[in-house]
Amino acid sequence: MDTDHTGVLIIGAGQAGATAAAALRDFGYQDRILVVGSEQPLPYERPPLSKTMLSGSGAVADILVHPTGFHKEKSIETLLEAEVASLDVQGHTALLKSGKTITWQQCLIATGGKARTIAGLTPGTAHIHYLRTIADALRLREEMRQCRSVLIVGGGFLGLEVASTARSMGLSATVLEGADRVLGRAVPPDMSAWLRQSITDAGVDLQLNARCESFDVRADGVSIGLAGGETLSADMMVVAIGLEPEVAMASRAGLSIHSGNGGICVDAQCMTSAPDVYAAGDCSSQTHPFIGSEIRLESWQNANEQARLAAAAIAGVPTAPLNAPWFWSDQFGNNLQILGMPVAGLRYHRRGEFSNPDTAPKFMLLGTNEADQILHAIALNAGGDLRQLKPLIDSKTPCDPISLCDATAPLRPLVRAALARTPTLTVS
Ligand SMILES: Cc1cc2nc3c(=O)[nH]c(=O)nc-3n(C[C@H](O)[C@H](O)[C@H](O)COP(=O)(O)OP(=O)(O)OC[C@H]3O[C@@H](n4cnc5c(N)ncnc54)[C@H](O)[C@@H]3O)c2cc1C
């Protein structure tokens with residue numbers, strides 16, 4: 001029988017898996033670390049897949065989480081193109097699809113998720129694209145280079161980034177969004193309106209309240225029938241309607257799965273309902289200390305931060321709790337960053353102008369609650385300003401939003417003054 005033993009088994013060689021392996025070594029973990037991943041390449045960053053990787057000529061080697069040679073240097077073993085089929089959490093055993101058995105002392109599940117699909121639009125079908133992996137991105141890039149038009153189903157971050165890249169490559173792009181505004185769950189209405197303008201200014205046909213009723217895929221292209229009777233046609237289609245967390249194996253192993261968000265439930269240290277089994281990244285659901293409720297986040301920062309928590313718990317060292325959620329998107333020539341989380345009842349204040357005839361737009365929207373804590377901040381081409389506010393936001397320090405929104409006033413002294421009223425906090 002083909003059996004192997006490891007100290008830590010990491011299932012999933014993606015952002016969280018790779019980061020956790022590195023963090024384990026940073027935290028002094030000395031036993032064997034084995035990362036098993038179903039994809040062929042070494043762990044790579046996914047954010048470029050909808051941005052530079054689509055428009056440029058880059059290859060996976062350009063976007064690796066860690067450089068080639070890193071794993072050897074850190075004694076981190078990888079087993080790629082290998083899938084864990086089942087997990088026995090009591091017996092501390094994993095069974096690979098190949099038939100190999102791996103016993104482990106601790107296990108981290110970092111299996112991410114899969115693109116949500118539309119029935120009848122099978123991944124891999126000619127002219128139909130989903131975007132989750134480097135293989136998806138290279139296939140999409142290839143067809144975008146040969147086509148003149150693309151229909152994009154879904155006006156979330158991914159759909160908008162693909163539309164932005166398509167326009168930069170000279171394709172005509174139509175985005176079909178079911179909601180009545182873009183990014184409605186992530187930004188306030190003013191910001192959605194601003195984005196809508198920037199999207200249409202870039203030449204994208206953005207259709208809100210769109211109901212896709214039928215799909216037709218032919219040798220020469222694709223068509224979508226909308227409620228209301230209109231039919232739209234293009235050379236190709238990208239479906240970007242969200243992610244299904246990859247939790248089937250965890251569920252079969254009896255681990256608790258959140259009934260609402262579908263993630264593997266973990267505690268503050270990222271431990272699942274089974275001792276010695278952790279989960280991190282897009283597949284996990286956790287009570288977030290900033291938000292105060294259980295949530296499954298799909299972001300680069302969350303994958304890295306949860307990986308750090310899990311690695312610290314496994315290595316038995318203390319680490320700081322999660323920071324406020326942070327997300328970024330590059331689209332239509334703008335860098336959008338979001339720190340914190342929208343909740344009902346926030347009042348938004350703006351620092352900077354929505355438009356400026358002489359320069360690129362640069363502004364922040366700060367959402368404060370009744371206690372004058374900033375719980376949600378959106379920065380458009382203002383990442384540097386957002387970084388200065390971060391200590392205030394992470395610590396929920398009350399502030400004067402009116403002074404912060406005076407764009408002529410430097411932020412740093414205002415942040416220092418606000419933090420000084422909370423003696424244990426400092427800003428660098
Ligand atoms: C196109 C794209 C653009 C993005 N842009 C941004 C952005 O601009 N900003 C941002 O903050 N976030 C962005 N994200 C999100 C971010 O990349 C993810 O949140 C992050 O990759 C999640 O990391 P993860 O380790 O949880 O999952 P992943 O990185 O998906 O890794 C999971 C890995 O586990 C493997 N796996 C699954 N099941 C098994 C199994 N049974 N056995 C072995 N291996 C398995 C998978 O094949 C995969 O390789 C983007 C994502 C995509 C797809």
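A residue counts as near a molecule or strand if one of its heavy atoms lies within 4 Å of it. By that rule, 33 residues surround the ligand, and the closest are Ala-16, Glu-39, Lys-51, Arg-132 and Asp-282. The structure is a predicted model, in which local features need pLDDT of at least 70 and side-chain atom pairs count only at pLDDT 80 or more, whereas totals for chains, interfaces and linings use all residues. Residues are numbered from 1 along each chain as its sequence is written, and side-chain values use heavy atoms, with hydrogens and water left out.

Gln-15 takes part through its backbone, where an N or O atom lies 3.2 Å from a ligand oxygen atom. The protein covers 93% of the 1000 Å² of accessible area that the ligand has on its own, as calculated by the Shrake-Rupley method with a 1.4 Å probe.

The shell around the ligand comprises 14 nonpolar, 10 polar and 9 charged residues, with Gly counted among the polar ones. At least two shell residues come from each of helix H1 (15-26), strand E2 (33-37), helix H5 (157-168), helix H8 (300-315) and strand E21 (326-331), where helices are DSSP runs of H or I with at least four residues and strands are runs of E with at least two. Domain 1 (3-114 + 243-315) and domain 2 (117-239) each contribute at least three residues to the shell, the domain bounds coming from an automatic or database assignment.

Conventions
Polar contact = N/O pair within 3.5 Å; in protein donor to acceptor, adjacent residues only side chain to side chain.
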